[in-house]
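Here are some notes to read alongside the structure.

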Amino acid sequence: MAASLVSVPVAFLLLVLAGSRAALASETVEQICAEATSGGAHSDLAPFCVASLQAAPGSDGADARGLAAIATNLTLANYTAAVATIKALERRGGWTAAQRGALATCRTRYIEALNVVHSAVHALAVGRLEDYAADMAVVGKAATDCEDAFGAANAGGGSSPLRKVDEDAVNLTTVATLIVRSLKK
Ligand SMILES: *[C@@H]1O[C@H](CO)[C@@H](O)[C@H](O)[C@H]1NC(C)=O
Ligand SMILES: *[C@@H]1O[C@H](CO)[C@@H](O)[C@H](O)[C@H]1NC(C)=O
Ligand SMILES: *[C@@H]1O[C@H](CO)[C@@H](O)[C@H](O)[C@H]1NC(C)=O
């Protein structure tokens, strides 16, 4: 009897603590994204940062260092998926010669970038943040180059079939880079 009188408030207290911890954690992703994207030309990326990181497993309750690793891993997954998307588009066919050329450029650039993301993952893990920033600049450039290749191939109209893929890639790379930069402050 005495035990159950004690355990009810204890269980309630645990529930309250668990609830407030979850609330605090989801605030933290927003705060880390807000800090990382503030004070520069990238404040418009805050909603993308929050949406992409909150959807990632393990982000709840992660600190900035943990979120940096999660964002970098998301970048790796995104570039891997981009290569698969490009190969599927190539198989689908129906492209002009110029568009086939652009797809080939995109595939090459994304595959090159994948190796560099692996290098960035390693640089982050061992704390070489300058190397990380240099790697991620190369990684983001691959997606921009892909979009530019389509800009040239579609001169005269038509949008790139990889526009969302390229934008996600650039946005994720930028978000990961900004969070890592915020670690140095
Ligand atoms: C990338 O971020 C910009 C804001 O910087 C946003 O306007 C755009 O919709 C984002 N792209 C994707 C594919 O979410
Ligand atoms: C790439 O990342 C964005 C943002 O997290 C996500 O919305 C998109 O689904 C990812 N793309 C792929 C193909 O995984
Ligand atoms: C990132 O990916 C690496 C390699 O797959 C893994 O060891 C690590 O736990 C991941 N980190 C996070 C924060 O998800």
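1. Helices here are DSSP runs of at least four residues, strands are runs of at least two, and both are numbered from the N terminus. With that in hand, the order of elements from the N terminus reads α-α-α-α-α-α. The count is 6 helices and 0 strands. Please keep in mind that this is a predicted model.

2. On the protein as a whole: it has 185 residues, of which 32% count as buried. Among contacts with a separation of 6 or more, 67% are between residues 24 or more positions apart.

3. Next, the helix pairs. Two packed helices are described by the angle between their axes and by the distance between those axes. For H3 and H4, the latter covering residues 97-125, the axes come within 9 Å and cross at roughly 160°. Angles over 145 degrees count as roughly antiparallel, so H3 is roughly antiparallel to H4. The crossing of H3 past H4 is left-handed. Sorted by class, the contact of H3 with H4 has 18 nonpolar, 3 polar and 3 charged residues.

4. Helix H5 spans residues 129-153, and its axis lies 9 Å from that of H6, at an angle of about 165°. That angle makes H5 roughly antiparallel to H6. The crossing of H5 and H6 is left-handed. On the H5 side the contact includes Leu129, Tyr132, Ala133 and Met136, and on the H6 side it includes Val180, Arg181, Leu183 and Lys184. By class, the contact of H5 with H6 has 12 nonpolar, 5 polar and 5 charged residues.

5. Is Val175 buried or exposed? Val175 sits in helix H6. It has 27 C-beta neighbours inside 10 Å, and because 20 or more are needed, Val175 counts as buried. Leaving aside neighbours within four places in sequence, Val175 is in contact with Leu45, Phe48, Cys49, Ser52 and Ala71. The C-alpha atoms of Val175 and Ala46 are separated by 8.4 Å, although the two residues are 129 residues apart along the chain.

6. Which residues are around ligand 1? They are Asp44, Leu45, Phe48, Lys164, Glu167, Asp168 and Asn171. H6 gives the most to this shell around ligand 1, with 4 residues. The shell around ligand 1 has 2 nonpolar, 1 polar and 4 charged residues. Leu45 and Phe48, named here, are also among the contacts of Val175.

7. Around ligand 2 are Ser52, Leu74, Ala77, Asn78, Ala81, Asp168 and Leu172. Helix H3 (64-92) and helix H6 (163-184) each supply at least two residues of the shell around ligand 2. H3 gives the most to it, with 4 residues. By class, the shell around ligand 2 has 4 nonpolar, 2 polar and 1 charged residues.

8. The last point concerns ligand 3. Gly58, Gly66, Ala69, Ile70 and Asn73 surround ligand 3. These residues divide into 2 nonpolar, 3 polar and no charged. For the shell around ligand 1, by contrast, the charged count is 4.

Conventions. Residues are numbered from 1 along each chain as its sequence is written. Chains are lettered from A and ligands numbered from 1 in the order in which they are written. This is a predicted model: local features need pLDDT of at least 70, side-chain atom pairs count only at pLDDT 80 or more; totals for chains, interfaces and linings use all residues. A residue is near a molecule or strand if its C-beta atom, placed from the backbone, lies within 6 Å of it. Ala, Val, Leu, Ile, Met, Phe, Trp, Tyr, Cys and Pro count as nonpolar, Asp, Glu, Lys and Arg as charged, and the others, Gly among them, as polar. Axes are lines fitted to C-alpha atoms, for helices over the stretch in contact, and angles run from 0 to 180 degrees between N-to-C directions. Angles under 35 degrees count as roughly parallel, over 145 as roughly antiparallel, 65 to 115 as roughly perpendicular and the rest as oblique. A crossing is left-handed if the near helix is turned anticlockwise from the far one by less than a right angle, and right-handed if clockwise. Two residues are in contact if their C-beta atoms, placed from the backbone, lie within 7 Å. A residue is buried if 20 or more other C-beta atoms lie within 10 Å of its own, exposed if 12 or fewer, and partly exposed in between; C-beta atoms are placed from the backbone.
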